[in-house]
Amino acid sequence: MNGTTGQPVIEACDLSVGYKNRPVARDLNFSCHAGQFVSLLGPNGAGKTTLLRTLSRHRPPQGGEIRVQGRPLDRLPALELARIMAVVLTDKIAPPLFTIFEFVALGRYPHTDFLGRLGPKDRVTITSSLAAVHALDLADRPFADLSDGERQKVLVARALAQEPRVLLLDEPTIHLDLKHRVEVMTILRDLCRNKGITVIASLHDVDVAAKVSDRVALIRDGGLVAWGTPETVLSQQAVTALYDFDKAEFNRHLGGIELRGAGDRGRAFVVGGMGSGALVYRMLTKKGFALATGVIHENDLDCFVARSLGAECIAVDPMEPINEAAIDRAKTLMAACDLVVDCGFPVGPVNEANLSLVQAALERGTTVLSLRGELPPGIRVNGGGAPVLCADAGHLIETLETFPFRRPMTAMTAHDEELRCNP
């Protein structure tokens, strides 16, 4: 129900929005169709809320035109618009002495008579609206007693009671805990899929937008930077530019943002692959280590995570056995590291050569931590150190926190260096 055929539900044509004589965003052109989830993304102050208030006719446009089901927005009678469009803004609402059922019933005003009397159909719609947001059990409770998550669901239920074709929401998950964020976004996604409602929402969670949206609008610097499907629009470069990321990177393959660390505690080489390294990369980054890794395959989860975290990667083509040239490059990179972590990757024909990296590190006397219950097959400890065997990630973290790793020279002060040379 979220295709692009037929007449758009909402169209913006050369639209400019703002306050008084101060435009916030200009020359906006886009169209939204029935059943689509549209996310507005951008930094604070970019104009997302202003655009929503203009689309909902809370503010007049500063230029251009908005069309709703092919008709100019400014020519629609208020009651007719209320039957097409419902709005949930971030304004705090605390109606006194209302039960939840009575509050949701306010959404029926476009459909009731002059006195606002509820008929049997209205009561069925109110009940079904509460059911759609999983809030039927709240119907008899006072609105003032609800938590933030419960209030947000009830606000959506009141909007649904209008039986709209379009639902506009400004930061619908703000101030919500994780459970309610997931629940509200799931409800909104299902409204698009099951009821054909067009949802247009301003969001700050890029990873959530990537997972639920049919279209995303990137808004920054007074205009629409990009518009389209999240799979094509939300690239690493686009998201980094949108939010001015410095120590973070969005990865479309992972569907989320990875946070880079300072790398000031030392340098760790991770022998990973087959998804075994992702958790370790993130953990080492949190602990302050700069990363290098290999040899991994280009299509491996580990490769995507490592590169997003800024690691130096030695990688080979998908499904290809790890070759000697790649191993030699990895050994060179590993020799400049303070620590080696063997992630306990499953050993098979395409990656068994990586065990030679663990062996080489031991022979060099480099500290090796291994996420294996026992020594990897073929690893010899004669003439070299033995790896520190860690039973699980928690044990590995404890070892990292207590083991006396040296800091890199670049992180030492002149006083540190003097003490090291003249103890």
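This is a predicted model: local features need pLDDT of at least 70, side-chain atom pairs count only at pLDDT 80 or more; totals for chains, interfaces and linings use all residues.

The buried residues of helix α13 pack against β13, β14, α12 (324-335), β16 (339-342) and β17 (367-370).

**Exercise 1. Determine which residues of α13 are buried, and explain why the helix counts as largely enclosed by the rest of the structure.**

Solution. 
- Step 1. Helix α13 covers residues 355-364. Its buried residues are Leu-355, Leu-357, Val-358, Gln-359, Ala-360, Ala-361 and Leu-362.
- Step 2. Because 7 of the 10 residues of α13 are buried, the helix is largely enclosed by the rest of the structure.
- Step 3. Just beyond the helix, Gly-365 adopts a positive phi of about 85°.

**Exercise 2. Describe the surroundings of Ala-361: which residues does it touch, leaving out those up to four places away in sequence?**

Solution. 
- Step 1. Ala-361 belongs to helix α13. Its relative accessibility is 1%, and the cut-off for a buried residue is under 20%, so Ala-361 counts as buried.
- Step 2. With residues up to four places away in sequence excluded, Ala-361 touches Met-334, Val-340, Thr-366 and Val-368.
- Step 3. For Val-340, the separation from Ala-361 is 21 residues in sequence, while the C-alpha to C-alpha distance is 7.1 Å.

**Exercise 3. Characterise the packing of α5 against α4 and against α6: what are the angles between the axes, and which residues form the contacts?**

Solution. 
- Step 1. Two packed helices are described by the angle between their axes and the distance between the axes.
- Step 2. For α4 (residues 120-132) and α5 (residues 148-161), the axes come within 8 Å and cross at roughly 140°. Angles over 145 degrees would count as roughly antiparallel; α4 and α5 are therefore oblique to each other. The crossing of α4 past α5 is right-handed.
- Step 3. On the α4 side the contact comprises Thr-125, Ser-129, Leu-130 and Ala-132, and on the α5 side Ala-157, Leu-160 and Ala-161. By class, this contact holds 5 nonpolar, 2 polar and no charged residues.
- Step 4. For α5 and α6 (residues 178-195), the angle is about 15° and the axes are 9 Å apart. This makes α5 roughly parallel to α6. The crossing of α5 and α6 is also given a hand, and it is right-handed.
- Step 5. From α5, the contact draws on Gly-149, Glu-150, Gln-152, Lys-153, Val-156 and Leu-160; from α6, on His-180, Glu-183, Val-184, Ile-187, Leu-188 and Leu-191. By class, the residues of the contact of α5 with α6 are 6 nonpolar, 3 polar and 3 charged.

**Exercise 4. Locate the largest nonpolar core: how many residues does it have, and which element supplies its largest share?**

Solution. 
- Step 1. The largest nonpolar core contains 48 residues, and those with the most contacts inside it are Leu-41, Leu-167, Leu-188 and Leu-234.
- Step 2. Helix α5 provides the largest share of this core, with 7 residues.
- Step 3. Beyond its neighbours within four places in sequence, Leu-188 is in contact with Phe-37, Val-156, Leu-167, Leu-169, Pro-172 and Val-199.
- Step 4. Another core, of 27 residues, lies apart from the largest one; Val-9, Val-17, Leu-76 and Ala-217 are among its members.

**Exercise 5. Examine the backbone at Gln-69, Met-274 and the peptide bond from Gly-294 to Val-295.**

Solution. 
- Step 1. Most residues other than glycine have a negative phi, and most peptide bonds are trans.
- Step 2. Gln-69, although not a glycine, has a positive phi of about 50°. Gln-69 lies in the loop between β4 (63-68) and β5 (71-72), and at 25% relative accessibility it counts as partly exposed.
- Step 3. Met-274, likewise not a glycine, has a positive phi of about 60°. Met-274 is placed in the loop between β13 (266-271) and α10 (278-286), and it is exposed, with a relative accessible area of 54%.
- Step 4. The peptide bond from Gly-294 to Val-295 is cis, with omega near -20°. Val-295 lies in strand β14 (residues 289-297).

Conventions. Residues are numbered from 1 along each chain as its sequence is written. Side-chain values use heavy atoms; hydrogens and water are left out. Axes are lines fitted to C-alpha atoms, for helices over the stretch in contact, and angles run from 0 to 180 degrees between N-to-C directions. Helices (H or I, at least four residues) and strands (E, at least two) are DSSP runs, numbered from the N terminus. Angles under 35 degrees count as roughly parallel, over 145 as roughly antiparallel, 65 to 115 as roughly perpendicular and the rest as oblique. A crossing is left-handed if the near helix is turned anticlockwise from the far one by less than a right angle, and right-handed if clockwise. Contact means heavy atoms within 4.5 Å. Ala, Val, Leu, Ile, Met, Phe, Trp, Tyr, Cys and Pro count as nonpolar, Asp, Glu, Lys and Arg as charged, and the others, Gly among them, as polar. Buried means under 20% relative accessible area, exposed over 50%, partly exposed in between (1.4 Å probe, protein chains only). A nonpolar core is a set of buried Ala, Val, Leu, Ile, Met, Phe, Trp, Tyr and Cys residues joined through side-chain atoms within 4.5 Å.
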